[in-house]
Amino acid sequence: MGFSVGIISSDFLPDADPKERNSYGNEQIIKEAEKAFDKVFAIDPSATYVDIDGREARVIHWYRDSKGIERHLDLGGELDGLIVKRTRNFGDQIYDLITVLAGNKKLAIYDPPDSYHRPLTKVTSKMLRFPEIRQPRSTILNSANLPTNFVLKYPVFAKPTHGYRGLDSRVCNSRKELEEYISAGKYSDFGYGALLEEKLDTTEEFRVIVIGGKAFDVSVGKINDGKDVNNKYQGGEFFSRNHDLVLRTAESAAEAQGLSFAGVDIVYQGGKCFVLECNRNPDFEEFDKATGLDTASHFIDYVKNDLSKK
């Protein structure tokens with residue numbers, strides 16, 4: 001049986017950065033999807049509308065085919081699966097579309113609607129339901145004001161809630177530095193506030209990809225020369241290492257989030273794992289390079305197998 005699958009992303013907006021549209025993750029997911037499914041649609045969320053006839057609502061995507069003819073695709077009526085990738089800069093609109101589609105039992109959506117909206121998945125209390133999941137002492141600021149009774153111990157790792165590629169993240173060693181960071185306002189460019197974490201004493205951060213509840217290999221990020229941010233876009237170097245406790249912790253974090261595709265960032269200290277972030281739609285280029293795995297292929301295999309069971 002053949003399947004029709006859509007991939008919706010703010011990277012497909014007309015004014016999106018071509019580097020983002022043609023990123024490794026997007027190219028790999030689309031390539032593997034085209035091999036696995038009969039029809040694959042890259043959906044520009046701005047070229048969609050909700051049609052309400054009084055009894056039901058439909059989400060319609062319009063596009064031009066290879067002959068330049070305008071076509072209309074009923075996402076809930078014609079697709080078997082919908083993969084939601086990046087929502088940045090278009091999150092509210094995509095969330096509304098997914099909310100309409102969520103009641104359609106025929107359509108499988110990857111992943112749950114509440115993971116597409118603010119607060120982002122890295123800022124969550126749902127993980128705390130799982131006693132085996134530890135997180136650093138943290139504070140989430142919703143405005144550019146630092147309370148007088150701020151209780152975190154310095155140094156504090158400060159980052160925007162969007163967490164996009166480590167941008168505008170900083171280690172603050174005093175209240176003065178933290179106030180300067182907050183007053184600069186950069187943290188609000190793509191998110192609603194700032195996430196502040198007590199910085200753990202470690203030089204390594206683990207990234208685990210979890211697909212369908214199964215954790216794959218561990219990629220380790222090494223902080224270079226005391227740099228603030230352990231992120232490939234900020235100069236981190238990555239290598240592979242097997243670490244069973246980290247793998248199991250990542251699986252628990254993804255389960256707590258209800259995510260079939262997650263990138264979990266973990267630090268290991270004193271024999272314990274601390275979850276820093278549990279990211280929906282993770283970047284996986286450096287993970288693939290470090291581990292030799294083909295993340296996109298594993299994810300699309302999961303989607304195909306999942307659709308086959310429905």
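Reply: Let us begin with burial. A residue is called buried when its relative accessible area is under 20%, exposed when it is over 50%, and partly exposed in between. By this rule, both K159 and E197 are buried. Please keep in mind that this is a predicted model.

Me: How many of the residues of the protein count as buried, as a percentage?
Reply: Of the 310 residues, 50% count as buried. The accessible surface of the protein comes to about 15000 Å², and carbon and sulfur atoms account for 46% of that surface.

Me: What are the helix and strand counts of the protein?
Reply: There are 8 helices and 16 strands. On contacts, consider pairs of residues at least 6 apart in sequence: 64% of these contacts join residues at least 24 apart.

Me: How many bridges join strand 4 to strand 5?
Reply: Strand 4, residues 57-64, is joined to strand 5 by 5 bridges, and the two run antiparallel. To locate one of them, find W62, whose bridge partner in strand 5 is H72.

Me: How should I read a salt bridge?
Reply: Side chains of opposite charge can pair when their charged atoms come close. The cut-off applied is 4 Å between a side-chain nitrogen of Lys or Arg and a carboxyl oxygen of Asp or Glu. By this rule the count comes to 17 salt bridges.

Me: What is the N to O distance in the salt bridge between D11 and R86, and where do the two residues lie?
Reply: Their side chains meet at 3.2 Å, N to O. D11 is in the loop between strand 1 (4-8) and helix 1 (18-21), and R86 is in the loop between strand 6 (81-84) and helix 4, so the pair ties together parts that are 75 residues apart in sequence. D11 counts as buried because its relative accessibility is 5%, and R86 counts as buried at 10%. D11 and R86 also belong to a network of salt bridges that links them with E20 and D283.

Me: Which residue forms a salt bridge with K159?
Reply: The partner is E197, with the closest N and O atoms 3.7 Å apart. Since K159 lies in strand 9 (residues 156-160) and E197 in strand 11 (residues 194-198), the pair ties together parts that are 38 residues apart in sequence.

Me: Where does S260 lie, and what does its side chain meet?
Reply: S260 is in the loop between helix 6 (244-257) and strand 15 (261-269). A polar contact of 2.7 Å joins its side chain to that of D111. S260 is buried, because its relative accessible area is 7%. Leaving aside residues up to four places away in sequence, S260 touches several others, including Y110, V210 and F299.

Terms used
Residues are numbered from 1 along each chain as its sequence is written. This is a predicted model: local features need pLDDT of at least 70, side-chain atom pairs count only at pLDDT 80 or more; totals for chains, interfaces and linings use all residues. Side-chain values use heavy atoms; hydrogens and water are left out. Two strands pair if DSSP finds at least two bridges between them. Helices (H or I, at least four residues) and strands (E, at least two) are DSSP runs, numbered from the N terminus. Buried means under 20% relative accessible area, exposed over 50%, partly exposed in between (1.4 Å probe, protein chains only). A polar contact is a pair of N or O atoms within 3.5 Å; within protein, one must be able to donate a hydrogen and the other to accept it, and residues adjacent in sequence count only if both atoms are side-chain atoms. Contact means heavy atoms within 4.5 Å. Accessible areas come from the Shrake-Rupley method with a 1.4 Å probe; for residues, only the protein chains shown count as cover.
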